[in-house]
2 protein chains.
Amino acid sequence: MNKVYVIGMGPGAYEQMTVKAVRTLEKCDVIVGYTVYIELLKEYFPDKRYLTTSMRQEAARCRMAFEEAAKGAVTAMVCSGDAGIYGMAGLMYEIGEEYPEVAIEVIPGVTAALGGSAVLGAAVGHDVSLISLSDLLTPWELIEERLRCAAKADFVICLYNPSSRKRSTYLAKACEIMLEYKAEDTVCGIVKNIAREGETMQTLTLKELKETTVDMFSTVFIGNKQTKVIREKMVTPRGYRI
Amino acid sequence: MNKVYVIGMGPGAYEQMTVKAVRTLEKCDVIVGYTVYIELLKEYFPDKRYLTTSMRQEAARCRMAFEEAAKGAVTAMVCSGDAGIYGMAGLMYEIGEEYPEVAIEVIPGVTAALGGSAVLGAAVGHDVSLISLSDLLTPWELIEERLRCAAKADFVICLYNPSSRKRSTYLAKACEIMLEYKAEDTVCGIVKNIAREGETMQTLTLKELKETTVDMFSTVFIGNKQTKVIREKMVTPRGYRI
């Protein structure tokens, strides 16, 4: 049966991929993805046919992958981070309704919540909520409700898409909601360019985070009541007796 | 400086590890971990010195790793899934206070929420809360509060440690809380033995999940309002227009 793989590349490039992702890409004829990620791959998989679309062309990109697979090419759709979380796996299944003759296999990858947590030390050590601040596809009211509920129940919270040119005030708005439930000195962290050139991290308090501007390459972490700073890292204990 | 790595192995064995995890294990002299995971590794990294402790010996296991690293051995502490989420990275930083001369580096891995989501198709396609039902280290009241808040805000929910001999009724209790906020026909999924021998998956409704018994090798997924079944898989759309 013709097949398309949906592959999570992890947060960086080659080293952050799983062995299974690498082996699958090696056997593919065609690799489809967003331009930025495709450029990262070309160095390691030079003999492939690459197809790209720009941002906001997600459905077209999926159809492109299915068309190739339907013609018999072993095809991969690549996503940054995981294939599922804020990735393309869901849309591939939806568009796949038009291509019943093409099988779909999803290969997971390290998402920014995990990659960023490791850079920060152990930011995400316990129950966690992942919330995207992008309201392109989700109403802001629902995002606010999720922020509120996650803060109220003292989850560690990891914010994806914390900022963009059009949404420069969203992180501050999110922090204000957090501050209704979480203390001002709650330990927070920012990681930029996870596992890529220019990777940086910092820990700060929730109060400071509210005053901080981040860019679209950043992932933001807000600790729970137990989260602390050890060796200048952000550490959420699981509760073991030491 | 002497160094200890905390490495997430991913949900299966070799193929689900990242390239970085593999390369780091290759250069280690000593690998420390829980017996079950150590057995999985021996086949792929035969020339290492392996040290294990049984369950519930987590702090002792961490000290074992630091002692080796302090003596100069390049040492890895391995965790199933990710190193951070319900892993050992947090405890390693805490115990590391006793060993300031040993550096710590955390290498993330694919956690069960991602690995299981891929087996189910695209279970986790949007904002998600990860909640462990184990009350060994967390009061049950806090677990209930997190279940309630995550259900109220219509998160996709991924349940870790959904059952054990002593906690056989916990999943049903969790489902009851879910049903206060989520519809009876909410799409749910169970994955057992992710990426290992005997891997199985099934989709079912929340009402059915409440009547279902799972074992300790299972990860449970509860969808949001948009989650649907496509090709007998559990798919949470991100909201793209098709």
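1. **Strand 11 of chain B.** Strand 11 (residues 218-222) of chain B is mostly covered, with five of its five residues buried. Buried here means under 20% relative accessible area, exposed means over 50%, and partly exposed lies in between (1.4 Å probe, protein chains only). Both faces are covered. Ser218(B), Val220(B) and Ile222(B) lie on one side, Thr219(B) and Phe221(B) on the other. Strands and helices are DSSP runs numbered from the N terminus: helices are H or I with at least four residues, strands E with at least two.

2. **Basis of the model.** This is a predicted model in which local features need pLDDT of at least 70 and side-chain atom pairs count only at pLDDT 80 or more, while totals for chains, interfaces and linings use all residues. Residues are numbered from 1 along each chain as its sequence is written, chains are lettered from A and ligands numbered from 1 in the order in which they are written, and side-chain values use heavy atoms, with hydrogens and water left out.

3. **Partners of strand 11.** Two strands pair if DSSP finds at least two bridges between them. Strand 8 (residues 156-160) of chain B pairs with strand 11 of chain B over three bridges, in the antiparallel sense. Cys158(B) stands opposite Phe221(B) there. Strand 9 (residues 187-192) of chain B also runs antiparallel to strand 11 of chain B, joined by five bridges. Ile190(B) has Val220(B) as its bridge partner.

4. **The five-stranded sheet.** Chain B has an open sheet of five strands in the order 3-2-4-1-5, with parallel pairing. Strand 3 (49-53) and strand 5 (102-107) of chain B are at the edges, each with a single partner strand, so one side of each is left without a neighbour in the sheet. The twist averages 20° from one strand to the next. Five bridges pair strand 2 (residues 30-34) of chain B with strand 3 of chain B in the parallel sense. Val30(B) stands opposite Arg49(B) in strand 3 of chain B.

5. **A helix across that sheet.** Helix 2 (residues 35-42) of chain B lies across strand 2, strand 3 and strand 4 (75-79) of chain B. Helix 2 runs at about 135° to strand 2 of chain B. Axes are lines fitted to C-alpha atoms, for helices over the stretch in contact, and angles run from 0 to 180 degrees between N-to-C directions.

6. **Helix 6 against helix 7, chain B.** Two packed helices are described by the angle between their axes and the distance between the axes. For helix 6 (residues 140-152) of chain B and helix 7 (residues 170-179) of chain B, the axes come within 9 Å and cross at roughly 40°. The two helices are therefore oblique to each other. Under 35 degrees counts as roughly parallel, over 145 as roughly antiparallel, 65 to 115 as roughly perpendicular, and the rest as oblique. The crossing is right-handed: the near helix is turned clockwise from the far one by less than a right angle.

7. **Residues at that crossing.** Helix 6 of chain B brings Trp140(B), Glu144(B), Leu147(B), Arg148(B) and Ala151(B). They meet Tyr170(B), Lys173(B), Ala174(B), Ile177(B) and Met178(B) of helix 7 of chain B. Contact means heavy atoms within 4.5 Å. The contact residues divide into seven nonpolar, no polar and three charged. Ala, Val, Leu, Ile, Met, Phe, Trp, Tyr, Cys and Pro count as nonpolar, Asp, Glu, Lys and Arg as charged, and the others, Gly among them, as polar.

8. **The three-stranded sheet.** A further open sheet in chain B has three strands in the order 6-13-12, with mixed pairing. Strand 6 (121-122) and strand 12 (228-230) of chain B stand at the edges, each with a single partner strand. Strand 6 of chain B runs parallel to strand 13 (residues 233-235) of chain B, joined by two bridges. Ala122(B) has Val235(B) as its bridge partner.

9. **Positive phi.** Most residues other than glycine have a negative phi. Glu232(B) has phi near 65°. Glu232(B) sits in the loop between strand 12 and strand 13 of chain B and is exposed, at 67% relative accessible area. Asn161(A) has phi near 50°. Asn161(A) is in the loop between strand 8 (156-160) and helix 7 (170-179) of chain A and is partly exposed, at 30%.

10. **Two buried residues.** Leu209(A), in helix 8 (residues 206-210) of chain A, is buried at 0% relative accessibility. Beyond four places in sequence, its contacts include Leu171(A), Cys188(A) and Val220(A). Asp154(B), in the loop between helix 6 and strand 8 of chain B, is buried at 8%. Beyond four places in sequence, Asp154(B) contacts Arg146(A), Lys182(B), Asn224(B), Lys225(B) and Gln226(B).
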